[in-house]
Amino acid sequence: MIELTVDGRPLRAPAGQSLAAVLLQAGRTVLRDSPGGNPRGLYCGIGVCQECRVVVDGAVVRSCVTPVSAGMRVSTGRT
């Protein structure tokens with residue numbers, strides 16, 4: 001298990017899983033808000049739609065194709 005931080009909270013996850021899978025397992029189904037304020041989360045699961053975008057260590061990534069890594073700092077913009 002590795003440790004990462006999501007919105008300032010610690011989270012433990014199995015190495016090798018996608019960030020989206022880890023977030024869903026932790027009950028985080030909403031990952032960001034659209035410009036209009038609507039909730040967005042995992043949709044396609046293969047990196048095409050970009051609905052699962054989050055910020056990891058200052059860079060915008062698609063969580064469904066981003067593997068978790070130790071010390072990763074994730075921000076969804078939601079708390």
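1. Ser-63 sits in the loop that joins strand 6 to strand 7 (73-75), where strands (E, at least two residues) and helices (H or I, at least four residues) are DSSP runs numbered from the N terminus. The model is a predicted one, in which local features need pLDDT of at least 70 and side-chain atom pairs count only at pLDDT 80 or more, while totals for chains, interfaces and linings use all residues. Residues are numbered from 1 along each chain as its sequence is written, and side-chain values use heavy atoms, with hydrogens and water left out.

2. Ser-63 is buried at a relative accessible area of 0%; buried means under 20%, exposed over 50%, and partly exposed in between, with a 1.4 Å probe and protein chains only. Its side chain reaches the backbone oxygen of Cys-52 at 3.0 Å. Apart from neighbours within four places in sequence, Ser-63 is in contact (heavy atoms within 4.5 Å) with Ser-18, Leu-19, Ala-20, Leu-31, Cys-52 and Val-54.

3. Not counting residues up to four places away in sequence, Val-74 touches Leu-4, Thr-5, Val-6, Asp-7, Leu-19, Val-54, Val-55 and Val-56.

4. Five strands form an open sheet with mixed pairing in the order 2-1-7-5-6, two strands being paired if DSSP finds at least two bridges between them. Strand 2 (9-13) and strand 6 (59-62) are the edge strands, each pairing on one side only. Strand 1 (residues 2-6) pairs with strand 2 in the antiparallel sense over five bridges, and Glu-3 stands opposite Arg-12 in strand 2.

5. On the cysteines, a search of the whole structure finds zero disulfides, a disulfide being a pair of cysteine sulfur atoms within 2.5 Å. Cys-44 is in no disulfide, and the nearest cysteine sulfur, that of Cys-49, is 3.7 Å away. Cys-44 counts as partly exposed at 29% relative accessibility, and Cys-49 is partly exposed with a relative accessible area of 26%.

Methods
A polar contact is a pair of N or O atoms within 3.5 Å; within protein, one must be able to donate a hydrogen and the other to accept it, and residues adjacent in sequence count only if both atoms are side-chain atoms.
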